[in-house]
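Here are my notes on this one, as numbered points. Have it open in your viewer while you read.

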Amino acid sequence: RGVTLQGSRQAVIFGDSIRLSGTVSSRQAGQTVTVTVDPAGDPARRIDVETSEGGEWALRVQPRLRTQYTARWRNSTSQAFTALVRPRVSLRKVGRNLFAVVVVAADSFAGDFVEIRRQRSRTNRRLVTVRRVVLRENPRTDTTAQRTFRLVVRRGFRMRAFLPQSQAGPNYLASQSNLIRA
């Protein structure tokens, strides 16, 4: 007798969701499975889900930082599933040689830095780090860090912002922005 738990994917970008699912060994509908949600540094909470035909259950969750999930049915507990989260990083061109980088997560990254990487040359598309940009707090929300900066980049070169693991901390994964053309 037991209950299983699996996630649709291990890592998500902040704001995306994961589908948790599993089965109970009785294969009966109407059974109550209790899913424990334990985010790093925050208090745990429980969510009750009922099984459908065949004893299957499913739940969509939106982790905000590294979160561990376990399912309990009767006296059985599933193996833990840990969801990992990447901060949402975006880079855009806002003027001639003027760019804006924004990092959104459950915690503020103000005071941390992102690396700005650009294409090495017209023929070599490998990205190289050209600058570190220290993020500032957004006065309207404490979950967004941003920075506008000047950088001379040849027109047509591709570039992106990268948040390294050293800046992401223990509750997040390293992350990178979209690829843009200068």
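1. Strand 4 (residues 32–39) runs antiparallel to strand 7, with six bridges joining them. Thr36 sits across from Thr70 of strand 7. For the bookkeeping, strands are DSSP runs of E with at least two residues, helices are H or I runs of at least four, and both are numbered from the N terminus. Two strands count as paired if DSSP finds at least two bridges between them.

2. Before going on, a word on provenance: this is a predicted model, local features need pLDDT of at least 70, side-chain atom pairs count only at pLDDT 80 or more, and totals for chains, interfaces and linings use all residues. Residues are numbered from 1 along each chain as its sequence is written, and side-chain values use heavy atoms, with hydrogens and water left out.

3. Strand 7 (residues 67–73) has other partners too. Three bridges tie strand 7 to strand 9, again antiparallel, and Gln68 stands opposite Thr82 there. Strand 8 is antiparallel to strand 7 over two bridges, with Ser76 as the bridge partner of Trp73. Strands 7 and 8 make a hairpin with two residues between them, and Arg74 in that turn has a positive phi of about 55 degrees.

4. Buried here means under 20% relative accessible area, exposed means over 50%, and partly exposed is in between (1.4 Å probe, protein chains only).

5. Ser78 is worth a click: it belongs to the loop between strand 8 (76–77) and strand 9 (81–86). Ser78 counts as buried because its relative accessibility is 8%. Setting aside neighbours within four places in sequence, Ser78 touches Val3, Thr4, Leu5, Thr70 and Ala71; contact means heavy atoms within 4.5 Å.

6. Next, an open sheet of three strands, ordered 1-3-6 and paired antiparallel. Its edges are strand 1 (6–7) and strand 6 (56–61), each of which pairs on one side only. Strand 1 meets strand 3 (residues 18–23) over two antiparallel bridges, and Gln6 faces Ser21 of strand 3 across that pairing.

7. There is also a four-strand open sheet, in the order 10-11-15-14, with antiparallel pairing. The edges in this case are strand 10 (88–95) and strand 14, each pairing on one side only. Strands 10 and 11 share seven antiparallel bridges, and Arg88 stands opposite Val104 of strand 11.

8. Strand 15 (residues 144–150) pairs with strand 11 (residues 98–104) in the antiparallel sense, over seven bridges. Phe99 has Phe149 as its bridge partner in strand 15. With strand 14 (residues 136–137), strand 15 makes two antiparallel bridges; Arg136 is set opposite Gln146 of strand 15. The hairpin linking strand 14 to strand 15 goes through six residues.

9. Val153 is buried, at 10% relative accessibility. Beyond neighbours within four places in sequence, Val153 is in contact with Asn97, Arg118, Met159 and Ala182. Leu127 is 26 residues from Val153 along the chain, and their C-alpha atoms are separated by 13 Å.

10. Along its principal axes, the C-alpha trace spans about 65 × 35 × 25 Å.

11. A few whole-chain numbers to finish. Buried residues make up 43% of the 182. Of the contacts between residues at least 6 apart in sequence, 57% join residues at least 24 apart. The chain exposes about 10,200 Å², with carbon and sulfur atoms supplying 41%; these areas come from the Shrake-Rupley method with a 1.4 Å probe, and for residues only the protein chains shown count as cover.
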